[in-house]
Amino acid sequence: MSEETPNNLKGIKRLVVKIGSALLVSDAGEPERYWLASLIDDIAHLKRENDIETVIVASGAVAMGAELLDLPPREKRSLEDSQAAAATGQILLSSLFSELFRAQRLRAAQILVTLDDLQDRRRYLNAAATLDRLVSLGVTPIVNENDSVTTEAIRFGDNDRLAARVAQAADADMVLLLSNVDGLYTADPRGDPKAEHIPVVDEISSLNVTLGASTGPGSGGMGSKVEAARIATASGINLAIADGQRPNPVLRYRDGGRATLFTANPDVNARKAWIAGKIDIQGRITIDEGAEKALCEGNSLLAAGVISIDGEFARGASIDIYSAEGALLARGLTGYSSGDARLIAGKRNDAQRELLGYAPRSALVHRNNMVLL
């Protein structure tokens, strides 16, 4: 009896594919045209054979523009140079995508976003509506960060996390991060021959691995991919890291290609998915064992269980919540500014009114404004 043909995309209806600069652009700054054509061929096959809709998150504009403008390497480049490179390279990248999609008798659209577009709730919902309408019209959205106007202070910084955020907005079932490695290892396989490949991760909090730095012209390393997986899985979206170096990388993954799959948390809602994907984290709250237990049971975070507060933030800011041992437990929107939160940290409700000068709120971070990670 022959074995059943593997299908790593079984049950997937909407897929976000992230293409890194190292795959799309050569070391000489030229687009990998043949490789990209094969990927678009994959997308056409997925639609015809599996009825899978696709959204692409693609970087490479800065690398292409920098080569055309003869700018210095990334580590020696000014912000203005990078912005100019992005503006120049983006038109080249868009033209290439348009040409190759039309060769397949398919349509594509470009969406450039900034961090604020997906951090602000109203703008996030607008982006979600645009993505959904494009896909419903049979158009493949090509999404990239608008690097021509972003700065270090207001940018995603890597397209791994952007892909996870786009997957939330697009209501996708899965994110496929195409990389120059075939997944996550217990250590950097380039320097440790004993490094073991990890095929499936069900609990990111239980990972005990060494995350390597970025390689090639891209800005994301394995650390950004794991953070992207944290965002995606907390939103009910599977995420896989797969080797994209050979032609037809998406079909290779579908047909059993080696990768690391991060499995989704099925118990999520839309608002908490948006909170999980927040990237502009402005503070850190460390809590004791009792508060950790309460959070895991679905309760709000009370000030009495707080050990320490780091960062300066206003009420409503995004904060991360850590255990006393340093494990990331949750992400939420704080009910207090950092100054008031420090005043009542470790204090019971009956002592908070006098310290604050007003009636305390029900929680430091309410459970409706918090998602476990």
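Tutor: A helix here is a DSSP run of H or I at least four residues long, numbered from the N terminus. Keep in mind that this is a predicted model.

Student: OK. Which helix holds Ala276?

Tutor: Helix α10, residues 270-276.

Student: Is Ala276 buried or exposed?

Tutor: Ala276 counts as buried, because its relative accessibility is 0%. The cut-off for buried is under 20%.

Student: What is Ala276 in contact with, leaving aside neighbours within four places in sequence?

Tutor: Its partners are Ile231, Ala234, Ser235, Arg331, Val371 and Leu373.

Student: And how far apart are the C-alpha atoms of Ala276 and Met370?

Tutor: They are separated by 8.1 Å. Along the chain, Ala276 and Met370 are 94 residues apart.

Student: New topic. How do helices α6 and α7 pack?

Tutor: Helix α6 covers residues 121-136, and helix α7 covers residues 159-169. Their axes are 8 Å apart, at an angle of about 75°. So α6 is roughly perpendicular to α7.

Student: Which residues make that contact?

Tutor: From α6, Tyr124, Ala128 and Leu131. From α7, Arg165, Val166, Gln168 and Ala169.

Student: Now the surface. Which residues form a nonpolar patch there?

Tutor: Leu68, Leu69, Ile91 and Leu92. Together they have about 370 Å² of accessible area.

Student: Where does Ile91 lie?

Tutor: In helix α4, residues 79-103.

Student: Why does Ile91 count as exposed?

Tutor: Because its relative accessibility is 56%. Exposed means over 50%.

How values were computed. Residues numbered from 1 in each chain as written. Predicted model: local features only at pLDDT ≥ 70, side-chain atom pairs only at ≥ 80, totals over all residues. Heavy atoms only, no water. Patch = residues over 30% accessible without salt bridge, like charges linked within 9 Å, V, L, I, M, F, W, Y side chains within 5 Å. Areas by Shrake-Rupley, 256 points an atom, 1.4 Å probe, with all protein chains shown as cover. Salt bridge = Lys/Arg side-chain N within 4 Å of Asp/Glu carboxyl O. Helix = DSSP H or I, 4+ residues; strand = E, 2+ residues; numbered from the N terminus. Buried < 20%, exposed > 50% of the residue type's maximum accessible area, 1.4 Å probe, protein only. Axes fitted to C-alpha atoms, helices over the stretch in contact; angles between N-to-C directions. Parallel < 35°, antiparallel > 145°, perpendicular 65-115°, else oblique. Contact = heavy atoms within 4.5 Å.
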